[in-house]
Amino acid sequence: MSVKERILLAVIGDEDAVTGLLLAGIGQIDSKQRSNFCVVDAKTPLSKIEEAFEEFTARKDIAIILITQYVANQIRPQLDQYQQAFPTILEIPSKDHPYDPSKDSVLKRVQKLFGEEK
């Protein structure tokens with residue numbers, strides 16, 4: 001698949017974030033019964049979050065992965081090691097946890113690129 005065939009958004013986050021994005025129309029289940037979303041709650045094991053991240057980053061039909069920052073913090077080492085351009089990882093706020101720009105790995109890379117690293 002080429003970059004032009006990367007047409008899907010994927011989401012990893014709490015129930016409210018995922019539900020909102022599914023209602024906006026991003027939900028997809030392919031012919032292999034793989035979805036492009038992962039709902040995370042207090043009972044979700046870390047291994048399931050890591051597995052969803054690995055699956056979404058390996059898929060050739062996903063262009064952008066949206067992940068709530070609270071969930072991203074749980075797999076921060078894995079996120080920080082991810083260096084590919086596609087799919088792009090974007091951290092988003094959640095209803096219960098405010099966004100902290102100092103923890104956003106994409107923002108850190110941009111700041112480093114422009115020599116603004118703190």
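Predicted model: local features only at pLDDT ≥ 70, side-chain atom pairs only at ≥ 80, totals over all residues.

1. I49 counts as buried because its relative accessibility is 0%; buried means under 20% relative accessible area, exposed over 50% and partly exposed in between, with a 1.4 Å probe and protein chains only. The residue I49 is located in helix 2 (residues 46–58). Helices (H or I, at least four residues) and strands (E, at least two) are DSSP runs, numbered from the N terminus.

2. Residues are numbered from 1 along each chain as its sequence is written, and side-chain values use heavy atoms, with hydrogens and water left out.

3. Which residues surround I49, leaving aside its neighbours within four places in sequence? With that exclusion, I49 is in contact with I12, V40, T44, V71, Q74 and I75, where contact means heavy atoms within 4.5 Å. I49 and I75 are 26 residues apart in sequence, and their C-alpha atoms are 7.6 Å apart in space.

4. I12 is in contact with I49 and, again leaving aside neighbours within four places in sequence, with C38, V40, A52, F53, F56, I65, L66, I67, T68 and V71. In the largest nonpolar core, which has 18 residues, I12, F53, F56, I65, I67 and I89 touch the most other members. Such a core is a set of buried Ala, Val, Leu, Ile, Met, Phe, Trp, Tyr and Cys residues joined through side-chain atoms within 4.5 Å. Strand 1, helix 2, strand 3 and helix 3 (69–74) are the elements that give two or more residues to this core; helix 2 supplies the largest share, 4 residues. A second, separate core of 5 residues includes V18, L21, I26 and L66.

5. The structure holds 1 aromatic pair. F53 and Y82 form this edge-to-face pair, with 5.8 Å centre to centre and 80° between the planes. Rings of Phe, Tyr and Trp (its six-membered ring) pair if their centres lie within 6.5 Å; planes under 30 degrees apart count as stacked, over 60 as edge-to-face and the rest as tilted. Because F53 lies in helix 2 and Y82 in the loop between helix 4 (76–81) and strand 4, the pair ties together parts that are 29 residues apart in sequence. F53 is buried at 1% relative accessibility, and Y82 is buried with a relative accessible area of 11%.

6. The open sheet has 4 strands in the order 2-1-3-4, with parallel pairing; two strands pair if DSSP finds at least two bridges between them. Its edge strands, strand 2 (37–39) and strand 4 (88–92), each pair on one side only. Neighbouring strands are turned by 20° against each other on average, direction ignored. Axes are lines fitted to C-alpha atoms, for helices over the stretch in contact, and angles run from 0 to 180 degrees between N-to-C directions. Helix 1 (residues 15–23) packs on the sheet, touching strand 1, strand 2, strand 3 and strand 4, and its direction makes about 150° with that of strand 2.

7. Strand 3 (residues 62–68) runs parallel to strand 1 (residues 8–13), and 5 bridges join them. In this pairing L9 stands opposite I64, and V11 stands opposite L66. Strand 3 is also joined to strand 4 by 5 bridges, again in parallel, with L66 opposite L90.
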